Amino acid sequence: MKTYKIFFVLTFILSVKIFSQASGSIGISDARSAAMGKTSVTSSFGLRALGNNPANLFSDSSKHVELIIPFPLPNLSGSIGTNFISIDEYNYFFGYKTTDADGKTIGRYLTEADKNRMKSLFEGGGAITSDVQLQLLAISIKPSNKFGTIAFSIADIFSSNVTFPQGIVSIALDGNPVNQVYNFNDTKLKAWWLRKYSFSYARSLNILPLFQKISFGVSFNIIQGFAYVGLDHVNTQLTTGSGNVITGKGDFLAYAAFSPDFNVKYDFDKSTTKQDSKFSPFPTPAGSGFGFDFGLNAKLSDVWSFGFAITDLGSVKWNKNAAQYSSNSPIYLDDLSNESQRDSLVKALVGKDSGKYISEFSTQLATALHLGASMQLNNLLLAFDYNQGFNDQPRNSKKPRFSIGADWALGFFALRTGLSFGGFDKFNWGIGMGFDFGFLEMNFGTPDFQSVVSQNTAKRITIAFDSRWKF
């Protein structure tokens, strides 16, 4: 199975299954933070703090036990979309159809202005993400305020980041003009399925008289990896010359690994043994690793609080069914009818016949920094966040993101909203609600409400809902 085929198989799985857990700088962890524009550093308490800021696992609540199970609502969120093309733009360029004088169906003929507009959409590449989440189980226990809070959780992570290069669009629109250089260095592809077992602890420390309370928290995460597909790098470049000559260099490196239970067969594997895939709730891992979260929450007064967290410090080592695809060869093409030239071009671009098994490879987790502040005004909470990813792993972005969120509590009912700027999404408007009956809490929210009120300009859709038991 070629690398691109493996990716599309995994992307299909991501589209129809909805399982994952919080991490990184662009993902969402719970319905409340989603409704608040993905704001959470100083505003997510109890089990909602997992993956956001483990210091908030400890709170002054009189409740000593919290539990997340799939009843009455699973802790679930799902998001899919782009940051470069809206439904309106897609329909304009790809959805238009009409008939000519002969009755044949034809598409839109693009003007120069249309071509320039389409190229501008792909500046920096056209990115698509898929990010879904299910917390399978979580429990926290606070024996006393002096002891602090301990917690255990299990969560699955399905996420993907894909960026289509601007060079492909330019070639399709410009044809083959002389002395043009096209590079595909902005191509990105990473997708994985991870399972995270988290052991967390948080407590309060009164060590600075300036603050009413300082809480710290840590999470130790044991990671199991069940599937991974990713491009390490792409440095492919094509140059057009006179006489329809194309020269350049194909240079890329990609990795893949799958659980033995999935029985994925690579195209270079010539073995005749064929077995059916076995999907189960507990597949055999293709890799394993360790992650670490750390956070602080400093309460200055009854009004102001400040938070800091670093999440997902760690990596995963993939050592089962690990494969590598690569290319580093020159490109020369002056006759499209020449089969050997076409084959050499395909080999240089997609690494045909280059695949091989390797012993192992490693990937970083979606490490991110989170800073926040909040202001409590009676029953209104205002929170501010800054999120910075340190890599471009799934659920992460190296582009900084700022957000502001509000939670207005009206007895057992709460209304929430928030705005987010920057990062992968560029802009989010969140909205949602919650119901707190004392022993049971239920929340609903989306960080993409702008997609609901203006569907034609929508670029993505996100939903989130959860429930939490408190005793």
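Predicted model: local features only at pLDDT ≥ 70, side-chain atom pairs only at ≥ 80, totals over all residues.

Biologist: How many salt bridges does the structure hold?

Modeller: There are 18 salt bridges in the structure. One of them pairs the side chains of Glu 441 and Arg 48, at 2.2 Å from N to O.

Biologist: Where do Glu 441 and Arg 48 sit in the chain?

Modeller: Glu 441 is in strand 22 (residues 440-446), while Arg 48 is in the loop between helix 2 (31-35) and strand 1 (65-68). That puts the two 393 residues apart, so the bridge links distant parts of the chain.

Biologist: And are Glu 441 and Arg 48 buried or exposed?

Modeller: Both Glu 441 and Arg 48 are buried.

Biologist: OK, which other residue does Glu 441 form a salt bridge with?

Modeller: Arg 468, with the closest N and O atoms 2.7 Å apart. Here Glu 441 in strand 22 is linked to Arg 468 in strand 23, 27 residues apart. Arg 468 is buried as well.

Biologist: Which residues end up in one network through shared partners?

Modeller: Arg 48, Glu 66, Asp 436, Glu 441, Arg 468 and Lys 470.

Biologist: Switching topic: what about Arg 460 and Asp 425?

Modeller: Their side chains also meet in a salt bridge, at 3.6 Å from N to O.

Biologist: Why does that pair tie together parts that are 35 residues apart in sequence?

Modeller: Because Arg 460 lies in strand 23 (residues 460-470) and Asp 425 in the loop between strand 20 (413-422) and strand 21 (426-436). Arg 460 and Asp 425 are both buried.

Conventions. Residues numbered from 1 in each chain as written. Heavy atoms only, no water. Salt bridge = Lys/Arg side-chain N within 4 Å of Asp/Glu carboxyl O. Helix = DSSP H or I, 4+ residues; strand = E, 2+ residues; numbered from the N terminus. Buried < 20%, exposed > 50% of the residue type's maximum accessible area, 1.4 Å probe, protein only.
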